[in-house]
Amino acid sequence: MRYLPLTAADRTAMLNTIGATSIDELFAEVPATARIAPLADLPLAQSELEVERAIGAMAARNLAANSAPCFLGGGAYRHHIPAAVDHLIQRGEFLTSYTPYQPEISQGTLQYLFEFQTQVALLTGMEIANASLYDGAVACAEAVMMANRLTGRHRAVLAGGLHPHYREVCATYARFVGFELARCDPDPRPQQELAALLDDRTSCVVVQNPDFWGELHDWSALAETCHERGALLVVVVTEIVSLGALKPPGEMGADIVAGEGQSLGNALNYGGPYLGLFATREKFVRQMPGRLVGETRDADGRRGFVLTLSTREQHIRRERATSNVCTNSGLCALAFTIHLALLGETGFTKLAWLNHATAVTLAERIARIPGVSLVNPTFFNEFTIRLPVPAAPVVEALAARGILGGIPASRLYPKRPQLANLLLVAATETVTDHDISRFECALREVLA
Amino acid sequence: MSEWSRALSAPTRAAPPGAAPRAGFGANRGLQIEEKLLFERDAPGRSGVDLPEPPAVEPRLGGLERRRPIGLPGLSEPEVVRHFTRLSQKNYAIDTGIYPLGSCTMKHNPRLNEKLARVPGLSELHPLQPLSTVPGALELIDRLAHWLKTLTGLPAVALSPGAGAHGELCGVMTIRAALEARGDRRKRVLVPESAHGTNPATAAACGYQVDPVPANSRGRVDRRALEQKLGPDVAALMLTNPNTCGLFETEIVEIAAVVHRAGAFFYCDGANFNAIVGRVRPRDLGIDCMHLNLHKTFSTPHGGGGPGSGPVALSAELARHAPLPWLVHGDNGLQLAEHGEGEAAASIGRLKAFHGQMGMFVRALAYMMSHGADGLRQVAEDAVLNANYLRALLETDLTLSYPGPCMHEVLFDDRFLKDTGVSTLDFAKALIDEGYHPMTMYFPLVVHGAMLIEPTETESKATLDEFAATVKALATAARTGDTARFHAAPQLAPRRRLDETAAARKPVLRWRPPSEDEPPGTTT
Amino acid sequence: MAAPRFTTDHEWVRLDGDLATVGISDYAQSQLGDVVYVELPEIGRRVEQGKEIAVVESVKAASDVYAPVSGEVVAVNTALAEDPAKVNADPMGEGWFLQLRLADPAELDGLMDEAAYRRFIEEQA
């Protein structure tokens, strides 16, 4: 067994040292009725070759986004990851290290997390950020709970343009943690509507930019309204690359930013592991969930980094913790940090504009197809089109032609017939002119 | 002041400056290179990625273009590679040496797992692709679920939770939902005093009052005390088995019975599953609900603090409330039930966007298939053997908290350091100078100055012998008055002890560009 | 000013008219280690004897502070936000936490005087 170093001779010698005659003796505390024979329902040990073959066979049955034109967004985006990223995150000192609770021998992890926190603060235009959460949806729910704690209120308003999975996660937490949600209908809404839902029991309004439909918003006026009424503004960003071209939430007056960082450094991976981003104002730091890395000095006066403000966390406060979050998304955060370090200011900005230009080109071509109309006048790299027929069967037909042609709104909102003809289409820098032509052709064919 | 903070107190002493090794002209020491922050290495205009010029288009950004620079540094690829390589060299890792961390199960992370997680047919799948384009992905998830159900004996498994603590939240939420479905609103959750902090934090987050259950003199849950606390208002008992003292809860079957008689559910924290995997099925112990840590028992890498994965095995009653999405065996093969309708109408809803930590599923499945049912059983045996071997080697030098055999981890406390002037913390820092990551310290809270050691099955006998020899030498040094080495430790690591007090009093959580207001030379 | 009285949870209280100043004892701060933050209640909050009134944080632990007497919070030591180290340096003086307007002076009778508290600590050790 290639991962088990003990030999039969070792085991015998060790049992001898312990003074036991067999390994079963060490399991004597297990009640006899609970001791099982080797499980028959599972295969026996396999070699690397056999495991590769088996898992490879499962992989081969899928249509992967690198072998088909891919126009999928909806909160997860296919971007090109520079080769250096994956090499670096696979260094054993990063991949196989533990949470940096012993800072003297974890400065690698702590320093990159400090850099990550800085990057997230810079991108979002906020003062401070944490060392990441599980994903954007959990970050969103945590943002609402933090707003509740800060304001002493227990009602959150969720905009219609917030990603449906994020809305659902908030609803689950609301039910069990004990707060109220007012969820707007899933259509882009003018800001006046949201402001009208604010009352003196509202802790926060949660909006998204670009929103789920791809529409862009300036939330500055809403931020002011919220603050006048004693509430906070939470802005969600599911496509972090958009911040290379857009005004960041911090400049709009956001109090908390919850985001998804998957777009940088992390592959699609069928939905996980992803990277929750969380940023806020410095004055709110003690109510922030998740791990935080801080700068300090060591006994020789040299700069170093440590996990700090740990007393917010569950392993110390136990039942009085700010949240029950333990793990962050370390290696995903490292991938993000490296990718963004490679891009730099000029590269990140150029990447964002490349995404936008590709999406604009696509939109112009698609909107010319008879029966197809573009729903949102503004967008970053994802937009919504209205088809003359339900979108879900169209997507299946496109898939049969080897094209991953967008996400039908009905996949996320199956019970809303008024949304059935809507299709979310994204185009990142990985989409070529040839891809666009194929998509246009195929869509024309399917709709004809 | 509350009782439990005192047990954690270990007043930090300012370490006297140690005898510095011979210095060079700068701060580097051989292979240990001092590395600035990215932001301090900046040269504007540089990039490590070549991108084509964006074609000229009429922008549709609605006037929301960014007007101010972000402030990101620009670096070429060689500089970035060197930066992160140097950072990595400051980290201890499983690939470097043993992590004797109790309840963390720091076992070897097989590289096959990494290779397979990166196969494009798995890594390049978008979560919202049409299900007809990903039958292999659904098959993989189904196979993993089958392994987890078979190993736990429970009929269902919820795969979406993103980590262990998230799995605990899932478990407690399903329990509350099941009780509400019975029309039964209960108020209390019982948690042993030795439990990991996530347990009471999770219960409290879901609105329960947490009632601690003491341990008996044998380090197990005090069954009589438990029975006295049980009542019609108890929703659940949250237990870890083996417990955080490394001991199998001998009365667990009886405990399950009394919990069920009281109409409550039995939740098991599966962090210590490595001790019993393949030899004991939690269902047979009466457990209704158990989260598993794929990054512990099933070898997915810790990555310096994540990502993890915390699937939750569920009884039939609790399974009705499992979070979305559900993997269902339909007429047309495997399907994902993504909405709370039909059979999934009583689901608690979503806990995470999309479907779960697929990247970790691939790694865990590769691990399980590599070991097989026979290999996993051997894993538990070797894990328990290794821990008992360390117990036998160390029990005369350190103070064993509970006499007799342990399971996969062994608990010592600081009685052997009494009157030496050396604390558990000092002892751990001295271990760093010897080239080892310290064991888990000050946890569980039920003993003073706890030292919890879990070697795992992937450590060789030779490694254990060397580790034990070092620990014995340190224990002897402490008792014979060689205290300076402990108080000054670590001296040989990339950093000496760091001022955590200053970090907490005046948190500096990010780099800021030096301004005219700040005094110059605030960074090294 | 009256002499301080102590609780079994290591809080002290000093009476001045109907104003009770509250803090944690020297023993408490030495057990806690370096104080990094003190979470103080809002002015106007009413509290019962024995109920949680503040939280004192060190690097590794957060500890509840219980009200030694019942009353209404009339003042808190805002200096602790800037300099929590005062709790370690001068726990009985500049490291005070808050002031309560006393509801029931008789509650003080149940608390230990300095000598009794000293004996209490010795027994603990």
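Biologist: Which domains does the domain assignment of chain A give?
Modeller: The model is predicted: local features need pLDDT of at least 70, side-chain atom pairs count only at pLDDT 80 or more, and totals for chains, interfaces and linings use all residues. Residues are numbered from 1 along each chain as its sequence is written, with chains lettered from A and ligands numbered from 1 in the order in which they are written. The bounds come from an automatic or database assignment. For chain A they give domain 1 (83-338) and domain 2 (344-447).

Biologist: How many residues does each domain of chain A bring to the contact?
Modeller: The C-alpha centres of domain 1 and domain 2 of chain A lie 28 Å apart. Contact needs C-beta atoms, placed from the backbone, within 7 Å. Domain 1 of chain A gives 14 residues and domain 2 of chain A gives 20.

Biologist: What share of the 448 residues of chain A counts as buried?
Modeller: Buried needs 20 or more other C-beta atoms within 10 Å of a residue's own, with C-beta atoms placed from the backbone. In chain A, that share is 63%.

Biologist: Where does H11(B) bend?
Modeller: Helices are DSSP runs (H or I, at least four residues), numbered from the N terminus. Helix H11 (residues 358-394) of chain B spans only 41 Å between its end C-alpha atoms, whereas a straight helix of 37 residues would span 54 Å. The expected span is 1.5 Å times one less than the number of residues. The bend, the angle between axes fitted to the seven residues ending at a residue and the seven starting there, is about 95 degrees in H11(B), at B:Gly372.

Biologist: How many of the 37 residues of H11(B) are buried?
Modeller: H11(B) is mostly covered. The buried count is 34.

Note on methods. A residue is buried if 20 or more other C-beta atoms lie within 10 Å of its own, exposed if 12 or fewer, and partly exposed in between; C-beta atoms are placed from the backbone. Two residues are in contact if their C-beta atoms, placed from the backbone, lie within 7 Å. Helices (H or I, at least four residues) and strands (E, at least two) are DSSP runs, numbered from the N terminus.
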